[in-house]
Amino acid sequence: LVAVESSSAKHPVGGMFADGQTVELAAGARLVLVGGTGRTVRLSGPYAGKPGEGAPKGDGRLVAALTTLVQRKPEESGSVGAVRAADVAWRFDAVREVADVLAIDPTVGGEQCVASREPGQVKLVRSPLSAMAEASIMSLDSGTAGKAAWRQGAIATAWPGDVAIDDNHGYLVEMPNQSAVTQIIMRVLPATAPSNAHWAVLMAEAGCEMQSRLMLAVIARAAK
């Protein structure tokens, strides 16, 4: 088991727990653990017990990958798409499931992950406070371009149908009234994964740093 969220100084995020290890939490403390099968365990203090006892072993590689992910600071990722926390804070508040995380933020450059090559299955999202009404998107490989438009008050819209989605291909995104152009590197993941923890690791391995951290937020929220 690995801690992916913790309010206990005794058990920091990234800490690992053996199957038979006793965990103690003071009153009011909270700990979210993930095991090798992707199973999530939520503990609230006061607590004393062995949360891993009797659980399936699962894949030790998943736990190791999660440990690396939660221990790594965002600035250590080396991601081209690294952005200030304030720029994406709204997404951490908004995500509830995998589909929310797999939506593309056109204001963030670098690697972004999707789980489909079908434009109609891929969503673009904007902040609820954004005045952006449309975005122009062009494939750097084919030169094909299209526009995505948001309805008033909507957070999500579909990826333009004229622009094919391909793994490891680059896309330029131009937004009205902004001089800077965003470059996105699309990473196409498998259509399914065994658990939310597996999704987080797949995203991190593909270089989609922000989305992998959003997935951790989904895991922690689901454990509440």
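Helix 5 covers residues 209-222, and at 1.5 Å a residue its 14 residues should span 20 Å; the end C-alpha atoms are 20 Å apart, which agrees. The expected span is 1.5 Å times one less than the number of residues in the helix. Helices (H or I, at least four residues) and strands (E, at least two) are DSSP runs, numbered from the N terminus. The model is predicted: local features need pLDDT of at least 70, side-chain atom pairs count only at pLDDT 80 or more, and totals for chains, interfaces and linings use all residues. Residues are numbered from 1 along each chain as its sequence is written, and side-chain values use heavy atoms, with hydrogens and water left out.

Helix 5 is mostly covered, with 12 of its 14 residues buried. Buried means under 20% relative accessible area, exposed over 50%, and partly exposed in between (1.4 Å probe, protein chains only). Among the buried residues of helix 5 are E209, R213, M215, L216 and A220.

The largest nonpolar core has 31 residues. Such a core is a set of buried Ala, Val, Leu, Ile, Met, Phe, Trp, Tyr and Cys residues joined through side-chain atoms within 4.5 Å. V4, L66, W199, M203, M215 and L216 touch the most other members. Two or more residues each come from strand 1 (2-6), strand 3 (30-34), helix 1 (60-71), helix 3 (98-101), helix 4 (196-205) and helix 5. Helix 5 gives the most to this core, six residues. A second, separate core holds 18 residues, including I104, A135, A148 and W150.

In helix 4, A197, H198, W199, A200, V201 and M203 are buried. The buried residues of helix 4 pack against strand 3, helix 1, helix 3, strand 6 and helix 5. Contact means heavy atoms within 4.5 Å. Leaving aside neighbours within four places in sequence, W199 is in contact with V98, L102, A115, L189, P190, A191, T192, A193 and M215. Helix 4 is followed by G207, whose phi is positive, near 90 degrees.

The structure holds one disulfide, defined as a pair of cysteine sulfur atoms within 2.5 Å. C113 and C208 form this link, with their sulfur atoms 2.1 Å apart. The link of C113 and C208 is right-handed, with 90 degrees about the S-S bond. C113 lies in strand 6 (residues 110-114) and C208 in the loop between helix 4 and helix 5, so the pair ties together parts that are 95 residues apart in sequence. C113 counts as buried because its relative accessibility is 0%. C208 also counts as buried, at 1% relative accessibility.

Strand 12 (residues 182-188) contains I185. The C-alpha atoms of I185 and L172 are separated by 9.1 Å, and these residues are 13 residues apart along the chain. Leaving aside neighbours within four places in sequence, I185 is in contact with G110, E111, Q112, N168, H169 and G170.

On a 1 Å grid over the protein atoms alone, a pocket is an open set of points where a 1.4 Å probe fits, with protein on both sides within 12 Å along at least five of seven lines; lining residues have an atom within 4 Å of a point. Of the 17 lining residues, A99, D100, L102, A103 and K123 are the closest to the centre of the largest pocket. Helix 2 (85-94), helix 3 and strand 7 (123-125) each give two or more residues to the lining. The largest share, three residues, comes from helix 2.
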